[in-house]
Amino acid sequence: MDELEVYEHLYEPGMGRRGQYFIPTESELINGFLKKKIERRPLPNEIIKEIPFLYEYPPELLPIGKFKYARNNEAYYFTHKGKKPPNGEFLGGKKFDGEWKTEGLEEACFGQNQILGFKRKLYLYRCEKRTGWVIKEYRYNPKRVPDHYLQNSVFHDFLLNYVVLKIKFNPDLRENFTAEESFSISMEDAKDLDVFQDFEG
């Protein structure tokens, strides 16, 4: 069985079959993946991996190239956005230079005549310029969760901060940089620094 056959085999009916690429709808991402992940239920497949505190890593170092069935420069991940360790802890003390900024308001995602969750878009800036990196982030609607679960402060915090996202590099959004400025971690620091060398996409 080749990789494409495995991909088709892993999918439940209706869960985002788009030929050879993984292109889930917003409803599939929220209901089919994020909801089941939060509820600790089996996922439709294991295509989306988890990277805790993904926003703390320079996107150039993320294992996007290992993400199977994605279009070029695109990947999907689960991550937690809660209380973060000091910048640089995951990079051997090397500092990530860049800031993810939201533009526009958070928007509701509708399906089944209800609000399934919410989405927002973030752009990575460095030196006050857009780098071309974009994230679409999706969180679950807490009003769909029974009240007695939300009374648990730990679970409530987890629910608000656990997301599924799509990260993509769009060269059309990249402003003019020098070669050194174009990376959110210096070339010297990034050299031979592969924090995801054992990561399996």
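**Figure 1. Strand 6 and strand 7 pair side by side.** Five bridges join strand 6 (residues 107-111) to strand 7, and the two strands run antiparallel. This is a predicted model. Glutamate 107 has lysine 119 in strand 7 as its bridge partner. The hairpin of strand 6 and strand 7 has two residues between the strands. There, glutamine 112 takes a positive phi near 55°.

**Figure 2. The whole chain.** The protein chain has 201 residues, and 44% of them count as buried. Its secondary structure comes to five helices and nine strands. Read from the N terminus, the order of elements is α-β-β-α-β-β-β-β-β-β-α-α-β-α. Take the contacts between residues at least 6 apart in sequence: 68% of them join residues at least 24 apart. The accessible surface comes to about 11300 Å². Carbon and sulfur atoms account for 48% of that surface.

**Figure 3. Helix 2 is largely enclosed.** Why does helix 2 count as largely enclosed by the rest of the structure? Ten of the 13 residues of this helix (residues 26-38) are buried, so the rest of the structure largely encloses it. The buried residues include Leu29, Ile30, Phe33, Leu34 and Ile38. Just after the helix comes arginine 40, with a positive phi of about 60°.

**Figure 4. Strand 4 is covered on both faces.** Seven of the seven residues of strand 4 are buried, so this strand is largely enclosed by the rest of the structure. In a regular strand, side chains alternate between the two faces of the sheet. Which residues of strand 4 lie on each side? Glu74, Tyr76, Phe78 and His80 are on one side. Ala75, Tyr77 and Thr79 are on the other. Both sets are buried.

**Figure 5. Strand 4 has partners in strand 3 and strand 9.** Two bridges join strand 3 (residues 49-50) to strand 4, and this pair runs parallel. Glutamate 50 stands opposite phenylalanine 78 in strand 4. Seven bridges join strand 4 to strand 9, and this pair runs antiparallel. Here alanine 75 has isoleucine 167 in strand 9 as its bridge partner.

**Figure 6. The largest nonpolar core.** Nonpolar side chains tend to be buried together in soluble globular proteins. The largest nonpolar core here has 39 residues. Which of them touch the most other members? Trp100 and Ile167 do. Helix 2, strand 4 (74-80), strand 7 (114-126), strand 8 (129-140) and strand 9 (162-169) each supply at least two residues of this core. Now look at isoleucine 167, setting aside its neighbours within four places in sequence. Its contacts include Trp100, Trp133, Val134 and Ile135.

Figure 7. The structure holds ten aromatic pairs. The rings of phenylalanine 67 and tyrosine 77 have centres 6.2 Å apart and planes at 75°, so this pair is edge-to-face. Phenylalanine 67 lies in the loop between strand 3 and strand 4, while tyrosine 77 lies in strand 4, so the pair ties together parts ten residues apart in sequence. Both phenylalanine 67 and tyrosine 77 are buried. The rings of phenylalanine 78 and tyrosine 162 have centres 6.0 Å apart and planes at 15°, so this pair is stacked. Phenylalanine 78 is in strand 4 and tyrosine 162 in strand 9, so their pairing ties together parts 84 residues apart in sequence. Phenylalanine 78 and tyrosine 162 are both buried. Ring pairs also link Phe22, Phe33, Phe67, Tyr76 and Tyr77 into a cluster.

Figure 8. Tyrosine 123 is found in strand 7. Is tyrosine 123 buried or exposed? Its relative accessibility is 11%, so tyrosine 123 counts as buried; the cut-off for buried is under 20%. Valine 134 is eleven residues away in sequence, and the two C-alpha atoms are 4.7 Å apart. Leaving aside neighbours within four places in sequence, tyrosine 123 contacts residues including Glu99, Trp100, Lys101, Arg130 and Leu173. The charged end of arginine 130 sits over the ring of tyrosine 123, 3.9 Å from its centre. The charged end of lysine 101 sits over the ring of tyrosine 125, 4.8 Å from its centre.

Key:
Residues are numbered from 1 along each chain as its sequence is written. This is a predicted model: local features need pLDDT of at least 70, side-chain atom pairs count only at pLDDT 80 or more; totals for chains, interfaces and linings use all residues. Side-chain values use heavy atoms; hydrogens and water are left out. Buried means under 20% relative accessible area, exposed over 50%, partly exposed in between (1.4 Å probe, protein chains only). Helices (H or I, at least four residues) and strands (E, at least two) are DSSP runs, numbered from the N terminus. A nonpolar core is a set of buried Ala, Val, Leu, Ile, Met, Phe, Trp, Tyr and Cys residues joined through side-chain atoms within 4.5 Å. Contact means heavy atoms within 4.5 Å. Accessible areas come from the Shrake-Rupley method with a 1.4 Å probe; for residues, only the protein chains shown count as cover. Two strands pair if DSSP finds at least two bridges between them. Rings of Phe, Tyr and Trp (its six-membered ring) pair if their centres lie within 6.5 Å; planes under 30 degrees apart count as stacked, over 60 as edge-to-face and the rest as tilted. A charge sits over a ring if NZ of Lys or CZ of Arg is within 6 Å of the ring centre and within 35 degrees of the ring normal.
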